[in-house]
Structure formats: structure tokens, C-alpha cells
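Hi,

Here is the model I promised to pass on.

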Amino acid sequence: MRGLGRLAIPLGLGFAFLYLPILLMVLFSFNDSRMVTTFTGFSLRWYDSLWRNEVLMGALGLSLRIAAVSATMATILGVLAGFALARFGRFRGRAGFGAVMAAPLVMPEVITGLSLLLLFVAMESVFGFPAGRGASTVAIAHATFGAAYVAVVVQSRLADFDLSLEEAAMDLGARPWKVFAVITLPLIAPGIAAGWLLAFTLSLDDLVIASFVSGPGASTLPMVIFSTVRLGLTPELYALATLLVLVVGVALALVLRLARRR
């Protein structure tokens with residue numbers, strides 16, 4: 001108890017440093033004044049202004065669509081890669097394959113974005129696809145590094161998997177694809193869902209890579225916010241950030257509730 005008491009003060013300071021700015025941002029999103037440093041009264045005017053802001057709302061919708069598509073592609077690739085690394089043992093090229101999958105985890109985003117831009121330009125000149133840079137190239141780029149995170153999550157999930165369940169199913173006459181669909185896939189589904197959510201969040205949050213591979217009319221939400229902040233903060237950004245915090249908070253509460261039921 002004494003040790004916990006000694007840690008309470010630094011822990012409290014650390015959490016205050018992390019979450020107090022978020023609470024202040026939520027408070028000033030209801031500010032009646034346009035000043036982002038002085039609270040003059042409670043108002044919902046900036047939420048109404050945000051709803052009418054076509055640039056921010058359009059960028060939000062585009063980012064959500066890109067994040068959903070890229071997370072789905074990353075999940076498919078990541079599950080296959082994680083399954084290969086966890087189940088196929090030692091095979092020729094395993095070290096190289098593992099290095100390729102781990103590279104996006106440690107590669108600077110500037111290098112990743114620049115290399116993908118050069119790849120898309122070369123593909124367009126040779127194959128004619130993609131025709132310019134836009135939402136499709138951003139989704140493909142996000143899927144490439146999102147797959148690495150999904151593969152890590154799935155591989156760790158399979159590492160703790162009880163193989164006797166699959167062996168028992170095959171002893172009872174189930175074919176390998178049936179065992180995978182009925183036994184393996186449901187048991188690793190939480191890991192797959194976690195990988196999808198991680199890839200979705202990384203795509204929604206990305207700024208550097210999207211800046212390299214996007215084109216006219218394909219500005220994601222982080223790009224729009226970054227360009228807006230350079231001209232000065234507006235309460236509309238506080239309102240948008242508050243809504244995102246609310247969505248994340250509700251999602252976490254639902255996850256915790258489901259975990260407690262289990």
C-alpha cells in the first residue's frame with residue numbers, strides 16, 4: 001500500500017498531462033466565443049457550424065471510407081501473413097518474408113510515403129493504373145503498412161492457440177477447410193477484430209503517407225486539419241475532436257461491457 005501511495009502522485013500527474021488538455025478541448029468546444037483561449041459562455045453554435053462545414057465533413061467521410069477499405073484489405077493480407085508465419089514453421093525465405101512484413105513497423109513514414117509515390121508513378125506509366133493519385137492510392141498505401149500490424153496481432157494470437165482442438169476435429173473427420181472455418185477462425189476472431197480496428201485507427205490518423213500519395217479532391221481529415229491549424233485554430237476543430245472522442249469512448253465502453261459479460 002505504501003508503494004502504491006508513492007506512485008499515486010506521479011501517476012496522477014502523468015494522467016493529468018495526458019487527459020487534462022482533452023478535457024479543456026471538450027470544454028472550449030461549447031464556448032460561445034470564437035476565441036479559443038477565453039470561455040465566455042455555453043453554446044452549441046460550433047457544432048452547428050461544423051455540420052454546415054462541407055470541407056471538414058467531406059474530409060471526415062472520405063477518411064472513414066478510406067480507413068474502412070484499407071483496414072479490410074490489411075486484415076485479409078495480415079491474416080494470411082500471420083497464419084503463414086505462425087503455422088508453416090521453417091520454410092525457404094521465411095526470414096526474408098518476416099523482414100518484409102516487419103519493415104513497415106520500423107520504417108519512417110516519410111520513406112514509406114516517398115517509395116509508394118514512386119511505385120504508383122511507375123505503375124501508371126507502365127500499366128496505366130492507378131490513373132493519378134486519389135482515394136484509391138491512399139487506401140492501397142494504408143493497407144500496405146496496416147497489414148504488418150494485423151499480421152503481428154494474428155501471429156501472437158495463433159501462438160497461444162490450442163492445437164489439440166484442431167486435431168480433435170480432424171480426428172472426427174473434419175476437412176482442413178472445415179476445421180479452419182469452424183474451429184480456428186472463431187477462436188482467433190477477437191485478434192482479427194483487434195487487428196482491423198488497429199489498421200482502421202492508423203489509417204484514420206495518418207498524415208505523412210497520405211500527403212505523398214493523395215491527389216486533388218482526395219484530402220483526408222488529418223490533411224485538412226493540418227492545413228487549417230497552420231492558419232489558426234477554430235472552435236469547429238474542437239467540436240469535431242470532441243465528437244471523435246465521444247465515439248471512441250462509447251466504443252471502449254461497449255468493449256469493456258462485452259468483456260465483463262464474457
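Helix 3 and helix 8 each supply at least two residues of the lining of the largest cavity. Helices here are DSSP runs of H or I with at least four residues, strands are runs of E with at least two, and both are numbered from the N terminus. A cavity is a set of points on a 1 Å grid over the protein atoms alone where a 1.4 Å probe fits but cannot get out, and a lining residue has an atom within 4 Å of a point. The lining consists of Ser 63, Ile 66, His 142, Ser 203, Leu 204, Asp 206, Thr 220 and Pro 222. By type that is three nonpolar, four polar and one charged, where Ala, Val, Leu, Ile, Met, Phe, Trp, Tyr, Cys and Pro count as nonpolar, Asp, Glu, Lys and Arg as charged, and the others, Gly among them, as polar. The volume is about 40 Å³, taken as the space filled by probe spheres set on the points, with points joined across faces, edges and corners. A search of the whole structure turns up one cavity of 30 Å³ or more.

Before you go further: this is a predicted model, so local features need pLDDT of at least 70 and side-chain atom pairs count only at pLDDT 80 or more, while totals for chains, interfaces and linings use all residues. Residues are numbered from 1 along each chain as its sequence is written, and side-chain values use heavy atoms, with hydrogens and water left out.

On the overall fold, the protein chain has 11 helices and zero strands. Its C-alpha atoms fill a box of roughly 70 × 65 × 35 Å along the principal axes. Of the 262 residues, 32% are buried (under 20% relative accessible area with a 1.4 Å probe, protein chains only; exposed is over 50%, partly exposed in between). Taking contacts (heavy atoms within 4.5 Å) between residues at least 6 apart in sequence, 67% join residues at least 24 apart.

Now the packing. Beyond its neighbours within four places in sequence, Val 154 is in contact with Gly 78, Val 79, Gly 82 and Ile 192.

Two single residues are worth a click. Thr 112 sits in helix 5 (residues 109–127) and is buried, at 13% relative accessible area. Leaving out residues up to four places away in sequence, Thr 112 touches Met 107 and Ile 209. Arg 230, in the loop between helix 10 (221–229) and helix 11 (235–261), is exposed at 66%. Arg 230 and Val 36 are 194 residues apart in sequence, and their C-alpha atoms are 15 Å apart.

Finally, the unreviewed UniProt entry annotates "transmembrane region" at 7–30, 55–85, 97–123, 179–200 and 237–259; such annotations may be inferred rather than shown by experiment, feature names are shortened, and positions are in the numbering used here. In the model, residues 7–30 are 92% helix and 0% strand, with end C-alpha atoms 35 Å apart. For residues 97–123, the end C-alpha atoms lie 23 Å apart, and the span is 93% helix and 0% strand.

Cheers

Methods. On a 1 Å grid over the protein atoms alone, a cavity is a set of points where a 1.4 Å probe fits but cannot get out, and a pocket is an open set with protein on both sides within 12 Å along at least five of seven lines; lining residues have an atom within 4 Å of a point.
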